[in-house]
Amino acid sequence: MHVSASTLSLTVADVDASRDFFRTHLGYEVAMADDGFCSLTREDAAVDIVLLRKGTDVLPAEQRDREAGGLILALTVSGLAAEEARLRAAGAPITMPLREEPWGERLFQLTDPNGVVVQLVEWAVPDPGTDGNESTAVRVVTPSADDVTVSPNATMTGLAAPSRGSAELSTWTVTMDAGATGPEHSISREQVWTVTAGALEVTCDGRAETILAGQTLILPPALVRRIHAPEQAEAHVSMRSDGVASVPGTEGVRELPWAR
(Lines give C-alpha, C1' and ligand atoms only; values in the text may rest on other atoms or scores of the structure.)
Protein backbone atom coordinates (compact mmCIF):
# COMPACT_ATOMS: atom_id res chain seq x y z
CA MET A 1 0.00 0.00 0.00
CA HIS A 2 1.27 3.46 -0.95
CA VAL A 3 -0.33 6.42 0.83
CA SER A 4 -0.09 9.67 -1.14
CA ALA A 5 -2.03 11.92 1.26
CA SER A 6 -3.97 11.78 4.51
CA THR A 7 -7.23 13.43 5.56
CA LEU A 8 -9.11 13.54 8.83
CA SER A 9 -12.90 13.76 8.46
CA LEU A 10 -14.72 15.36 11.40
CA THR A 11 -18.48 15.46 11.92
CA VAL A 12 -19.40 18.61 13.84
CA ALA A 13 -22.51 20.60 14.71
CA ASP A 14 -21.21 23.90 13.33
CA VAL A 15 -18.98 23.59 10.27
CA ASP A 16 -18.42 27.35 9.99
CA ALA A 17 -17.18 27.65 13.58
CA SER A 18 -14.58 24.88 13.16
CA ARG A 19 -13.59 26.26 9.75
CA ASP A 20 -12.91 29.70 11.23
CA PHE A 21 -10.97 28.19 14.14
CA PHE A 22 -8.62 26.23 11.92
CA ARG A 23 -8.11 29.17 9.55
CA THR A 24 -7.60 31.80 12.25
CA HIS A 25 -5.35 29.93 14.66
CA LEU A 26 -3.71 27.10 12.71
CA GLY A 27 -3.14 28.52 9.24
CA TYR A 28 -5.46 26.21 7.30
CA GLU A 29 -6.98 27.33 4.01
CA VAL A 30 -10.30 26.33 2.43
CA ALA A 31 -9.77 23.98 -0.51
CA MET A 32 -13.47 23.28 -1.21
CA ALA A 33 -16.71 24.18 0.49
CA ASP A 34 -20.46 23.67 0.18
CA ASP A 35 -23.45 23.75 2.47
CA GLY A 36 -22.57 21.56 5.47
CA PHE A 37 -19.14 20.68 4.05
CA CYS A 38 -15.65 22.19 4.08
CA SER A 39 -12.27 20.80 3.05
CA LEU A 40 -9.23 22.42 4.69
CA THR A 41 -5.57 22.09 3.78
CA ARG A 42 -2.10 23.48 4.43
CA GLU A 43 0.94 23.56 2.17
CA ASP A 44 3.14 21.66 4.66
CA ALA A 45 2.90 18.14 6.07
CA ALA A 46 -0.18 18.80 8.23
CA VAL A 47 -3.07 16.40 7.70
CA ASP A 48 -5.94 17.71 5.55
CA ILE A 49 -9.28 18.14 7.33
CA VAL A 50 -12.81 17.61 6.07
CA LEU A 51 -15.64 19.09 8.14
CA LEU A 52 -19.13 17.60 7.76
CA ARG A 53 -22.27 18.90 9.43
CA LYS A 54 -23.91 16.48 11.83
CA GLY A 55 -26.96 14.86 10.23
CA THR A 56 -25.83 15.32 6.62
CA ASP A 57 -27.20 12.65 4.33
CA VAL A 58 -23.85 12.08 2.60
CA LEU A 59 -22.89 9.98 5.61
CA PRO A 60 -24.18 6.46 6.18
CA ALA A 61 -27.30 6.51 8.32
CA GLU A 62 -25.55 4.99 11.35
CA GLN A 63 -22.91 7.78 11.32
CA ARG A 64 -25.07 10.87 10.75
CA ASP A 65 -25.76 11.72 14.38
CA ARG A 66 -22.23 11.12 15.63
CA GLU A 67 -19.95 14.04 16.44
CA ALA A 68 -16.16 14.23 16.59
CA GLY A 69 -15.14 13.36 20.13
CA GLY A 70 -12.57 11.33 21.99
CA LEU A 71 -9.87 12.07 19.46
CA ILE A 72 -6.86 14.39 19.38
CA LEU A 73 -5.50 15.97 16.22
CA ALA A 74 -1.74 16.16 16.91
CA LEU A 75 0.51 18.42 14.82
CA THR A 76 4.29 18.32 15.28
CA VAL A 77 5.78 21.82 15.07
CA SER A 78 9.00 23.70 15.84
CA GLY A 79 9.21 26.66 18.18
CA LEU A 80 6.47 25.30 20.45
CA ALA A 81 6.79 27.96 23.16
CA ALA A 82 6.52 30.73 20.58
CA GLU A 83 3.42 29.07 19.11
CA GLU A 84 1.77 28.90 22.53
CA ALA A 85 2.60 32.57 23.19
CA ARG A 86 1.23 33.54 19.77
CA LEU A 87 -2.02 31.65 20.32
CA ARG A 88 -2.50 33.03 23.83
CA ALA A 89 -2.01 36.56 22.52
CA ALA A 90 -4.60 35.84 19.83
CA GLY A 91 -7.13 34.65 22.42
CA ALA A 92 -7.11 31.04 21.24
CA PRO A 93 -8.84 28.59 23.62
CA ILE A 94 -5.83 26.82 25.14
CA THR A 95 -7.30 24.05 27.27
CA MET A 96 -4.06 22.35 28.37
CA PRO A 97 -1.02 24.56 28.97
CA LEU A 98 2.47 23.75 27.80
CA ARG A 99 3.92 20.68 29.54
CA GLU A 100 6.70 18.16 29.05
CA GLU A 101 6.23 14.42 29.34
CA PRO A 102 8.95 12.15 30.85
CA TRP A 103 9.62 10.57 27.44
CA GLY A 104 10.68 13.89 25.88
CA GLU A 105 7.44 15.09 24.27
CA ARG A 106 6.52 18.75 24.86
CA LEU A 107 2.96 19.75 24.05
CA PHE A 108 -0.09 21.87 24.70
CA GLN A 109 -3.72 21.60 23.59
CA LEU A 110 -6.45 23.90 22.36
CA THR A 111 -10.09 23.05 21.70
CA ASP A 112 -12.26 24.35 18.88
CA PRO A 113 -15.91 25.50 19.31
CA ASN A 114 -17.16 21.99 18.46
CA GLY A 115 -14.93 20.27 21.01
CA VAL A 116 -12.24 19.14 18.56
CA VAL A 117 -8.96 18.89 20.50
CA VAL A 118 -5.82 19.99 18.66
CA GLN A 119 -2.46 19.16 20.21
CA LEU A 120 0.74 20.92 19.14
CA VAL A 121 3.82 18.81 19.82
CA GLU A 122 7.58 19.30 19.82
CA TRP A 123 10.13 16.67 20.78
CA ALA A 124 12.64 17.84 23.38
CA VAL A 125 15.28 15.36 22.25
CA PRO A 126 16.21 14.28 18.72
CA ASP A 127 15.32 10.89 17.30
CA PRO A 128 18.22 8.43 17.30
CA GLY A 129 20.27 8.40 14.09
CA THR A 130 19.94 5.64 11.57
CA ASP A 131 23.06 3.98 12.96
CA GLY A 132 21.69 4.10 16.50
CA ASN A 133 24.58 6.24 17.76
CA GLU A 134 23.88 9.75 16.48
CA SER A 135 21.93 10.90 19.54
CA THR A 136 24.84 10.07 21.91
CA ALA A 137 27.73 11.25 19.72
CA VAL A 138 30.08 13.84 21.16
CA ARG A 139 30.01 17.01 19.05
CA VAL A 140 32.46 19.86 18.74
CA VAL A 141 30.97 23.20 17.68
CA THR A 142 33.09 25.85 15.97
CA PRO A 143 31.21 29.13 15.44
CA SER A 144 31.39 30.79 12.05
CA ALA A 145 30.47 34.22 10.70
CA ASP A 146 26.95 32.87 10.05
CA ASP A 147 26.50 32.38 13.81
CA VAL A 148 27.12 36.06 14.65
CA THR A 149 24.22 38.48 15.20
CA VAL A 150 24.97 42.19 15.58
CA SER A 151 22.39 44.44 17.24
CA PRO A 152 22.66 48.17 18.01
CA ASN A 153 23.76 47.35 21.58
CA ALA A 154 25.55 43.99 21.50
CA THR A 155 27.08 41.23 19.40
CA MET A 156 25.87 37.68 19.99
CA THR A 157 27.87 34.66 18.78
CA GLY A 158 25.90 31.44 18.83
CA LEU A 159 27.66 28.35 20.19
CA ALA A 160 25.54 25.29 21.02
CA ALA A 161 21.94 25.27 19.74
CA PRO A 162 19.56 22.77 18.12
CA SER A 163 20.72 23.96 14.70
CA ARG A 164 24.29 23.22 15.79
CA GLY A 165 23.88 19.84 17.43
CA SER A 166 22.47 20.35 20.94
CA ALA A 167 19.20 18.77 22.04
CA GLU A 168 17.95 20.99 24.86
CA LEU A 169 20.30 23.88 25.66
CA SER A 170 21.63 26.89 23.83
CA THR A 171 24.76 28.84 24.69
CA TRP A 172 26.22 31.99 23.21
CA THR A 173 28.61 34.83 23.95
CA VAL A 174 27.60 38.47 24.28
CA THR A 175 29.99 41.37 23.67
CA MET A 176 28.96 44.93 24.61
CA ASP A 177 30.86 48.17 24.13
CA ALA A 178 31.39 50.55 27.04
CA GLY A 179 28.22 52.57 27.62
CA ALA A 180 25.94 50.23 25.65
CA THR A 181 22.50 49.53 27.10
CA GLY A 182 20.07 46.92 25.84
CA PRO A 183 16.29 47.41 25.69
CA GLU A 184 13.92 46.36 28.45
CA HIS A 185 12.70 42.82 27.73
CA SER A 186 11.80 39.53 29.33
CA ILE A 187 12.73 35.95 28.40
CA SER A 188 10.40 32.98 28.75
CA ARG A 189 13.17 30.72 30.11
CA GLU A 190 15.74 31.02 32.89
CA GLN A 191 19.11 32.34 31.72
CA VAL A 192 22.56 31.99 33.29
CA TRP A 193 25.03 34.80 32.54
CA THR A 194 28.74 34.41 33.37
CA VAL A 195 30.77 37.56 32.80
CA THR A 196 34.14 36.68 31.30
CA ALA A 197 35.54 40.20 30.84
CA GLY A 198 34.65 43.68 32.12
CA ALA A 199 31.42 44.18 34.04
CA LEU A 200 27.67 44.30 33.45
CA GLU A 201 24.96 46.15 35.32
CA VAL A 202 21.65 44.27 35.27
CA THR A 203 18.36 45.75 36.47
CA CYS A 204 15.68 43.12 37.00
CA ASP A 205 12.41 43.25 38.94
CA GLY A 206 13.37 46.61 40.44
CA ARG A 207 16.75 45.36 41.69
CA ALA A 208 20.14 46.38 40.22
CA GLU A 209 23.18 44.10 40.30
CA THR A 210 26.74 44.63 39.09
CA ILE A 211 28.37 41.42 37.83
CA LEU A 212 32.14 41.41 37.51
CA ALA A 213 34.36 39.11 35.45
CA GLY A 214 34.27 35.63 36.96
CA GLN A 215 30.83 36.11 38.50
CA THR A 216 27.59 34.45 37.39
CA LEU A 217 24.06 35.85 37.41
CA ILE A 218 20.94 33.68 37.26
CA LEU A 219 18.00 35.50 35.64
CA PRO A 220 14.55 33.98 36.35
CA PRO A 221 12.10 33.65 33.46
CA ALA A 222 9.42 36.20 32.57
CA LEU A 223 10.89 39.10 34.56
CA VAL A 224 11.62 42.38 32.79
CA ARG A 225 15.33 43.14 32.73
CA ARG A 226 17.75 45.69 31.25
CA ILE A 227 21.48 45.11 30.75
CA HIS A 228 24.07 47.90 30.68
CA ALA A 229 27.82 47.73 30.11
CA PRO A 230 29.64 50.45 32.10
CA GLU A 231 32.83 49.23 30.41
CA GLN A 232 33.72 46.89 27.56
CA ALA A 233 32.26 43.54 28.59
CA GLU A 234 31.87 39.96 27.47
CA ALA A 235 29.62 37.26 28.89
CA HIS A 236 28.69 33.64 28.27
CA VAL A 237 24.93 32.90 28.37
CA SER A 238 23.06 29.60 28.56
CA MET A 239 19.32 28.87 28.32
CA ARG A 240 16.86 26.21 27.23
CA SER A 241 16.74 26.48 23.48
CA ASP A 242 13.02 27.29 23.24
CA GLY A 243 13.22 30.60 25.08
CA VAL A 244 11.62 33.63 23.41
CA ALA A 245 11.74 37.35 24.19
CA SER A 246 8.95 39.82 24.93
CA VAL A 247 9.25 43.60 24.94
CA PRO A 248 6.95 45.63 27.23
CA GLY A 249 4.40 47.63 25.28
CA THR A 250 4.64 45.47 22.14
CA GLU A 251 2.61 42.48 20.98
CA GLY A 252 3.86 38.99 20.30
CA VAL A 253 7.19 37.35 21.05
CA ARG A 254 10.58 37.39 19.38
CA GLU A 255 12.82 34.40 18.78
CA LEU A 256 16.52 34.59 19.60
CA PRO A 257 18.19 33.55 16.32
CA TRP A 258 21.55 32.83 17.98
CA ALA A 259 19.81 30.30 20.28
CA ARG A 260 17.95 28.34 17.60
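**View 1. Strands E14 and E15 of the predicted model are joined by six bridges.** Strand E14 covers residues 199-204, and its pairing with E15 is antiparallel. Within this pair, Ala199 lies opposite Leu212 of E15. The model shown here and in the other views is predicted. E14 and E15 belong to an open sheet of three strands, ordered E15-E14-E17, with antiparallel pairing. Its edge strands are E15 (207-212) and E17 (225-228), each of which pairs on one side only. On average, neighbouring strands of this sheet are turned by 20° against each other, with direction ignored.

**View 2. Strand E16 pairs with strand E13.** E13 spans residues 191-197, and four bridges link E13 to E16 in the antiparallel sense. Gln191 has Leu219 of E16 as its bridge partner. E16 itself runs over residues 216-219. In a regular strand, side chains alternate between the two faces of the sheet. In E16, Leu217 and Leu219 form the covered face, while Thr216 and Ile218 form the uncovered face.

**View 3. Phe22 sits in helix H1.** The helix covers residues 15-26. Phe22 counts as buried because its relative accessibility is 0%, under the 20% limit for that class. When neighbours within four places in sequence are left aside, Phe22 is in contact with Gly27, Tyr28, Leu40, Ile49, Leu73, Asp112, Val116 and Val118. Asp147 is 125 residues from Phe22 in sequence, and their C-alpha atoms are 36 Å apart.

**View 4. Lys54 lies in the loop between strands E4 and E5.** Strand E4 covers 48-53 and strand E5 covers 72-76. Lys54 counts as partly exposed because its relative accessibility is 36%, a value between the limits of 20% and 50%. Beyond its neighbours within four places in sequence, Lys54 is in contact with Thr11, Val12 and Ala13, and also with Arg64, Asp65, Arg66 and Glu67. From Lys54 to Thr24 the C-alpha separation is 22 Å, for 30 residues in sequence.

View 5. Ser170 counts as buried because its relative accessibility is 0%.

**View 6. The whole chain gives the setting for the close-ups.** The chain has two helices and 20 strands. Its C-alpha atoms fill a box of roughly 75 × 50 × 30 Å along the principal axes. The radius of gyration is 23 Å, whereas a compact globule of 260 residues would have a value near 18 Å. Of the 260 residues, 38% count as buried. The accessible surface of the chain comes to about 14,500 Å², and carbon and sulfur atoms account for 50% of this area. Among contacts between residues at least 6 apart in sequence, 57% join residues at least 24 apart.

Definitions and conventions. Residues are numbered from 1 along each chain as its sequence is written. This is a predicted model: local features need pLDDT of at least 70, side-chain atom pairs count only at pLDDT 80 or more; totals for chains, interfaces and linings use all residues. Side-chain values use heavy atoms; hydrogens and water are left out. Buried means under 20% relative accessible area, exposed over 50%, partly exposed in between (1.4 Å probe, protein chains only). Contact means heavy atoms within 4.5 Å. Two strands pair if DSSP finds at least two bridges between them. The radius of gyration is taken over C-alpha atoms; the globule rule is 2.2 Å times the number of residues to the power 0.38. Accessible areas come from the Shrake-Rupley method with a 1.4 Å probe; for residues, only the protein chains shown count as cover. Axes are lines fitted to C-alpha atoms, for helices over the stretch in contact, and angles run from 0 to 180 degrees between N-to-C directions.
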